Amino acid sequence: MKYHIVSYGCQMNDYDSELMAGLLEETGYEKVDRPEKADVIVVNTCCVRETAERKVWGLLGTLKRLKRRKPDLVIAVTGCLPQQNGAAEDIRRRFPHVDLVIGTHNRHELPRLVEEVRAAREPLCAVWREAGEVIEGLPVRRESKLSAWVPIMFGCDNFCTYCVVPYVRGRERSRRPEDIIREVETLVAQGYREVTLLGQNVNSYGRGLDPPTDFATLLERLDRVEGLWRIRYTTSHPRDFTQRLIDVIANSEKVCEHFHLPVQAGSNRILRRMHRGYTREDYLRLVDGIRAAVPEASITTDIMVGFPGETEEDFQDTLELVRQVQFDQAFTFVYNPRKGTPAARMPDQVPAEVKSRRIQELIAVQKEISLAKNRAEQGKVHEILVEGPSETDAARLAGRTRTNKTVVFEGAPAYIGTLVPVEIIEGKLTHLVGVVRNLR
Ligand code: SAH
Ligand code: SF4
């Protein structure tokens, strides 16, 4: 039996896809790279923004033909989309060729549900409204041999007014530090050298655990894992980023000098309406604090334009903040209403043409900054963890700096999986080009 998984959305979804792959392989399934060859197709969905949702609907539409040709094919829809109110019924109605609808809290049941669907020969739906206990020890089939996703917490309790995540991922729950450390040690023994700790808001890690602990303490403990080279994490909420956390990161050996701090907006009025819990001044102070303690830090962000009630002046505040901070990179989004969230019901929605003009303006400003930042890397030597052939040019290698910039360079395949000093010769918009410095 063969399976194929299509994964949309964030790193947590990528991790869930690796987990479902592991579960299927444990029961004897084999991975194939094309849906046409599969007996089970899993579509792991995202609904954080409209564009992500639209992609899912499009794919489900095209799978109809495949199902008609191959009636024994099992099509499963998993992830965040089914977890939205009414969405599971919607999927069943619009796409009767979908056999299985599974929510975020039921992903571990995938193999059993696939068997049930095969036996019953009729569609099934498993969407728990609430998360159960955190389940440890599930098999994971990881895409990379070098770098691993490690979830440290699930769900989110922040309820930013635009965001659907707390509704589809449930309440915040942390894994026990012992379980995380044991998993990282096992990964290192298997040859992994980099871990990325995952959570919607990693800085609130440990709340509610007995005994309570925090993210800074977890980082301190992971920093001592022998054989591990790099620790990354995402996402951290600017509100909960403490000075102690900055100090721990500054003093650690393995935690990388990259801070992804989604600011969302530069206007205090909008930040308040978003329920973000910090002001523009708080954010700027945090950036200063980080740069004072970790001068080589790269800082990236997420920004949204067109939140309900955003005036031209509010938008100018965002542009002004972007110019002031000089982000290395920004992920920019047009706000769109998400079902069930407070912002979707706010009366003063911004017209589409205004949003579209604002996003273009924002992208243009940030592009210049990203390019200037990357050009400023020219002449510097970075330690690169070499991941493999470059995606855009298979004849060259690619890897990342500790600051999370991708570097493309020429080198022998033997470099893959090792740390190599690379001198940056050119800074491009999305990546750097380098040459290997002689290893002394
Ligand atoms: N937990 C992370 C973000 C998860 S969602 C955090 O708090 O930073 C990833 C990004 O999608 C958000 O940072 C936000 O910029 C964007 N986003 C979320 N909801 C959105 C919506 N309704 N419309 C447009 N962008 C949205
Ligand atoms: Fe969404 Fe806010 Fe939670 Fe991030 S912190 S997942 S933006 S509610």
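Q: In this predicted model, is Arg232 buried or exposed at 6% relative accessibility?
A: Residues under 20% relative accessible area count as buried. Arg232 has 6% relative accessibility, so Arg232 is buried.

Q: With which residue does Arg232 form a salt bridge?
A: Side chains of opposite charge can pair when their charged atoms come close. For Arg232, the closest N and O atoms of the pair are 3.0 Å apart. The partner is in strand S10 (residues 194-198), whereas Arg232 is in strand S11 (residues 230-234), 38 residues away.

Q: Which helix holds Glu312, the salt-bridge partner of Arg358?
A: The side chains of Arg358 and Glu312 meet at 3.1 Å, N to O. Arg358 counts as buried at 4% relative accessibility, while Glu312 is partly exposed at 33%. Arg358 lies in helix H12 (residues 352-375), so the pair ties together parts that are 46 residues apart in sequence, with Glu312 in helix H11.

Q: Which residues are linked with Arg358 in a network of salt bridges?
A: Arg358 forms a salt bridge with Glu312. The network also includes Glu310, Arg357 and Glu361. The residues linked with Arg358 are therefore Glu310, Glu312, Arg357 and Glu361.

Q: Which residues touch the most other members of the largest nonpolar core?
A: This core has 69 residues. Apart from it lies another core, of 26 residues, with Trp57 among them. In the largest core, the residues touching the most other members are Leu197, Phe215 and Phe259.

How values were computed
Residues numbered from 1 in each chain as written. Chains lettered and ligands numbered in written order. Predicted model: local features only at pLDDT ≥ 70, side-chain atom pairs only at ≥ 80, totals over all residues. Heavy atoms only, no water. Core = buried A, V, L, I, M, F, W, Y, C linked by side-chain atoms within 4.5 Å. Buried < 20%, exposed > 50% of the residue type's maximum accessible area, 1.4 Å probe, protein only. Salt bridge = Lys/Arg side-chain N within 4 Å of Asp/Glu carboxyl O. Helix = DSSP H or I, 4+ residues; strand = E, 2+ residues; numbered from the N terminus.
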